[in-house]
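Q: I would like to learn how to read the open spaces, the sheet and the ring contacts of a protein model. Could we go through them one at a time?

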Amino acid sequence: MGKIIAIANQKGGVGKTTTAINLAASLSILEKKVLVIDADPQANTTSGLNFSPDNDEKRTLYEIMIGQISAKDTLIQTELERLHLIPSHINLVGAEVEMVDVAHRESVLRNALSPIRDDYDYIIIDCPPQLGLITINCLAAADSVIIPVQPEFFALEGLGKLLQTIRIVQSSVNKGLEIEGFVITMFDGRAKVHSQVVEELRNHFKTMVFNTIIQRNIRLTEAPGHGKPILLYDVQSSGARNYLNLAREVLQHNNDPQYAPAE
């Protein structure tokens, strides 16, 4: 059975979508079959993998959530052989209103993914940057959560609300939900505050913080504009190395010890 990992943080601009795209791509490069789901109405994961969120096919997560189509019928093959995408669309904004009277509305996504989850080793969900019904659906469907954290003190302040939401989901609709880990993104070793925040995170969350740190890297910011994950845009960049190491660390967490982080 494939493992479902939600990438979540209600604070925008912390590298959530960048992490979803590049972790999924890196896992696929490491010979895992991966599905990435764009659950953000902004559809940045969709465009970041070179697909238009304004396509007229009406085969997106929105149609899945309102029950018009099955997940299997929305799958898109990306440039990477082992990586598929379920795209998003701005219409997803309205899904929460349309789902108000749906029975067990918190479990719509989990139920929709059930027929296809065995087809993948990993399913990565890029959650929206709000703690609404779509995010609850993502967390209800997931086995674990990866939380990207920008190393700034304001970023730490928002973690409490996200962790509270995770606890609510654990106590109500998904008792098996775990925190896979916190991943530090946009790290600049020249900024003293970044090192201070990293130290504080590690002191507080201990081994829940990934060893891999995603460094600030201009190539990472350029890649989405070309519709490519960093491994296809600039495989020699520090961003590519960072996300490959993160993928190896995720595989280690999930008892795949042959993938040790590179030196």
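A: Let us begin with the residue classes, in which Ala, Val, Leu, Ile, Met, Phe, Trp, Tyr, Cys and Pro count as nonpolar, Asp, Glu, Lys and Arg count as charged, and the others, Gly among them, count as polar. Please keep in mind that this is a predicted model.

Q: With those classes in hand, how many nonpolar, polar and charged residues does the lining of the largest pocket have?

A: The general idea is that rolling a probe the size of a water molecule over the atoms shows where empty space is left. In this structure the largest pocket holds about 460 Å³ of space, and of the 30 residues that line this pocket, V14, G15, K16, T18 and M186 are the closest to its centre. Its lining has eleven nonpolar, 14 polar and five charged residues.

Q: Which element gives the most to the lining of the largest pocket?

A: Helix α1 does, with five residues, while α1 (16-29), α2 (44-48), β7, β8 and α10 (218-222) each supply at least two residues of that lining.

Q: What is the volume of the largest cavity, and which residues line the largest cavity?

A: A cavity, unlike a pocket, is a space where the probe fits but cannot get out. The structure holds one cavity of 30 Å³ or more, and the largest cavity has a volume of about 40 Å³. L49, T78, E79, L80, L83, G227, P229 and L232 line this cavity, which by class amounts to five nonpolar, two polar and one charged residues.

Q: What is the order of the strands in the open sheet?

A: The eight strands of the open sheet follow the order β3-β4-β2-β5-β1-β6-β7-β8, and the pairing is mixed. The edge strands, each pairing on one side only, are β3 (76-77) and β8.

Q: In what sense do β7 and β8 pair?

A: Strand β7 (residues 178-187) and strand β8 (residues 209-215) pair in the parallel sense over three bridges. Between these two strands the chain passes through helix α9 (residues 192-205), and this β-α-β crossover is right-handed.

Q: Over which ring does the charged end of K33 sit?

A: The charged end of K33 sits over the ring of Y120, 5.5 Å from its centre, where the cut-off for such a contact is within 6 Å of the ring centre.

Key. Residues numbered from 1 in each chain as written. Predicted model: local features only at pLDDT ≥ 70, side-chain atom pairs only at ≥ 80, totals over all residues. Heavy atoms only, no water. Lys NZ or Arg CZ within 6 Å of the ring centre and 35° of its normal. 1 Å grid on protein atoms, 1.4 Å probe; cavity = no way out; pocket = protein on both sides within 12 Å on 5 of 7 lines; lining within 4 Å. Points joined across faces, edges and corners; volume = space filled by probe spheres on them. Pairing = 2+ DSSP bridges. Helix = DSSP H or I, 4+ residues; strand = E, 2+ residues; numbered from the N terminus. Right-handed = clockwise from strand over helix to strand, strands pointing away.
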